[in-house]
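The sequence and the model are shown first, and the main points follow by topic.

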Amino acid sequence: MSCCTPPVVVYARISGVLVAALVLIWPLFYNNSFTHHSPSSPNNFIFSVLHPLLMVIGFIIISGEAILVHRWMPGSRNMKKTVHLGMQGVALASGIFGIWTKFQPQNGVVANFYTLHSWMGFFCVTLFAIQDG
């Protein structure tokens, strides 16, 4: 590695911020959500925008930073573990809130579990919560 090459972590952080920005810019700039049909009310639009944004920020960016906290954060091992646990808790809360926003505009929770994406997301959040606890 040369003296002027930034570490891979810098590229990972830049790409994470870029993905989050793109997920936010898409609905705001194009006035369209990630759903297949246009939402009938502004609340549905907000919920459909919040779901991917919270999932990207929570499960990709914050959870990834929590994994890397042992490398970049100075301090004792107990302090690193405490920060790691707090960041994992924020990622879990973001994931739970992201799932909650997806279920708001529809008629109940069961009506939304008709795709593999829904089931895999539910199992990922469940396994993440079990692993975190």
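In the protein chain, residues 24 or more positions apart make up 57% of the contacts with a separation of 6 or more. The model is a predicted one. Its protein chain has four helices and zero strands, and the pattern along the sequence reads α-α-α-α. Of the 133 residues of the chain, 30% count as buried.

**Confidence**

- The protein chain has a mean pLDDT of 80, and 77% of its residues reach 70 or more.
- Confidence is highest in helix 3 (residues 77–103), with a mean of 90, and lowest in helix 2 (residues 42–72), with a mean of 83.
- Where pLDDT is low, the predicted coordinates should not be read in detail.

- Helix 1 covers residues 8–30; its 23 residues should span 33 Å at 1.5 Å a residue, and its end C-alpha atoms are 32 Å apart, so the two values agree.
- Gly16, Ala20, Val23 and Pro27 are the buried residues of helix 1.
- Helix 3, with 27 residues, reaches 39 Å from its first C-alpha to its last, which is close to the 39 Å expected at 1.5 Å a residue.
- The buried residues in helix 3 include Lys80, Gln88, Ser94 and Thr101, and also Gly95 and Gly98.

**Annotated regions**

- According to the unreviewed UniProt entry, the feature "transmembrane region" is placed at residues 9–29, 49–70, 82–101 and 113–130.
- In the model, the span of residues 82–101 is 100% helix and 0% strand, and its end C-alpha atoms lie 28 Å apart.
- The span of residues 113–130 is 83% helix and 0% strand, with its end C-alpha atoms 21 Å apart.

**The largest nonpolar core**

- Eleven residues form the largest nonpolar core: Met55, Ile62, Ala66, Met87, Ala91, Leu92, Ile99, Phe103, Phe113, Val125 and Phe128.
- Helix 2, helix 3 and helix 4 (116–132) are the elements that give two or more residues to this core.
- Helix 3 gives the most to this core, with five residues.

**Met55, a member of the core**

- Met55 lies in helix 2 and belongs to the largest nonpolar core.
- Met55 counts as buried because its relative accessibility is 17%, under the cut-off of 20%.
- Leaving aside residues up to four places away in sequence, Met55 touches Ile60, Gly95, Gly98 and Ile99.
- Met55 and Ala20 are 35 residues apart along the chain, and their C-alpha atoms are separated by 9.6 Å; Ala20 is one of the buried residues of helix 1.

**Cys124 and helix 4**

- Cys124 has its place in helix 4.
- With a relative accessible area of 47%, Cys124 is partly exposed, because this class lies between 20% and 50%.
- From C-alpha to C-alpha, Cys124 and Gly95 are 9.4 Å apart in space, although 29 residues separate them in sequence.

**Aromatic residues**

- The structure holds four aromatic pairs.
- Trp119, Phe122 and Phe123 are linked by ring pairs into a cluster.

Key:
Residues are numbered from 1 along each chain as its sequence is written. This is a predicted model: local features need pLDDT of at least 70, side-chain atom pairs count only at pLDDT 80 or more; totals for chains, interfaces and linings use all residues. Side-chain values use heavy atoms; hydrogens and water are left out. pLDDT is the predictor's confidence in each residue, from 0 to 100. Rings of Phe, Tyr and Trp (its six-membered ring) pair if their centres lie within 6.5 Å; planes under 30 degrees apart count as stacked, over 60 as edge-to-face and the rest as tilted. The expected span of a helix is 1.5 Å times one less than its number of residues. Buried means under 20% relative accessible area, exposed over 50%, partly exposed in between (1.4 Å probe, protein chains only). UniProt positions are given in the numbering used here, feature names are shortened, and annotations may be inferred rather than shown by experiment. Contact means heavy atoms within 4.5 Å. A nonpolar core is a set of buried Ala, Val, Leu, Ile, Met, Phe, Trp, Tyr and Cys residues joined through side-chain atoms within 4.5 Å.
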